[in-house]
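Dear colleague,

Please keep the model open while you read.

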Amino acid sequence: CRDQIRKALEDGEPAEFELRLVNAGSHVQWMACHWQPIRDDEGALLGLRVTMSDIQARKEAEYKLLETVAALRRAQALSEHYLRRSNEERSRLSALLDVVRMGILFMDTDRRVVYCNRALYEIWRMNDGDGFVGVRDVVLQQHVLQFVADPVAFMEHVNHVLSHRMPSEPYEILFSDGRVVTDFSRVVPGPDGGRSLGRIWVFEDVTEQRRVAQQLLHMAERDPLTNLFNRRRFHEELERMLADGARHREGVGLLAIDLDGFKPVNDRFGHQAGDEVLVDLASELGSVVRRNEMFFRLGGDEFAILVPSASASELSE
């Protein structure tokens, strides 16, 4: 305040500035001051005219405005931070879903496509440029039905899943090109557990898994040389047929075949020639085995045929 007075006296020019006064009760009062120099006719400075105005209300409004602006800036910075984190998480999640082998499809409550990953495009033979995001489910169905072996059964399955909110059981879809795809679906609940956000579908191409499983099963129950059922399958089928026969009071026929003079073939001509004899025998006998009968190689030169519902006299004919 003294500096302002000194400057006004030295310059002799009008000046304005603000003062913060503190009274005995430690109450702060803002005042706006205006210094006006007083001169005589010769221009000599006689003194200063000082006017003071109460600007406490204005200052309080300014402080509140500054606090509001600061709060808005903090909220904006926090919002930008969360938005950046959300975009980062979205990018990481999208990258993760694009590398998984299962096709993922998310549809909103209006049955519009919201998201589908790269595996889904590959399973359903969709081009990346087709742009299915935002389209209704009927448009997507028109595209995929051309690949399904039984479109009617597939649509019945889809309508059944959409008719309730419970998670669906895995469903096997047979494609026209021989592929096998399973699907699973469930409703995605909202953050508060109330209104749902939509529905997610998960598709998995299990063609190779089924092929490997079938191959392993074939190896487990087939003789690798003759492709006949092996001893393990023989015991399983014998037990099953005996149980069925006992239940229906019917006999089970068993023809046991053993090759005579087979060892000299291996000793004289080698095991390759012996293998050819076994393969030829399996082929010739297999051609006369009926559809309800089962032909086995038990090991070495031992073979067997199981005949359900047969008697000894019927086997000899």
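**Aromatic rings in the model**

The structure holds eight aromatic pairs, where rings of Phe, Tyr and Trp (its six-membered ring) pair if their centres lie within 6.5 Å, and planes under 30 degrees apart count as stacked, over 60 as edge-to-face and the rest as tilted. One of these pairs is formed by W124 and F154, which is tilted, with 6.0 Å from centre to centre and 50 degrees between the planes. This pair links distant parts of the chain, since W124 lies in the loop between α3 (118–123) and α4 (137–144) and F154 in helix α5 (residues 151–162), 30 residues apart; helices (H or I, at least four residues) and strands (E, at least two) are DSSP runs, numbered from the N terminus. Both W124 and F154 are buried, meaning under 20% relative accessible area, with exposed over 50% and partly exposed in between (1.4 Å probe, protein chains only).

The ring centres of F234 and F296 are 5.2 Å apart and their planes stand at 80 degrees, so this pair is edge-to-face. F234 is buried, at a relative accessible area of 7%, and F296 is buried too, at 0%.

W124, F154, F175, W201 and F203 form one aromatic cluster.

As for the source, this is a predicted model, in which local features need pLDDT of at least 70 and side-chain atom pairs count only at pLDDT 80 or more, while totals for chains, interfaces and linings use all residues. Residues are numbered from 1 along each chain as its sequence is written, and side-chain values use heavy atoms, with hydrogens and water left out.

Best wishes
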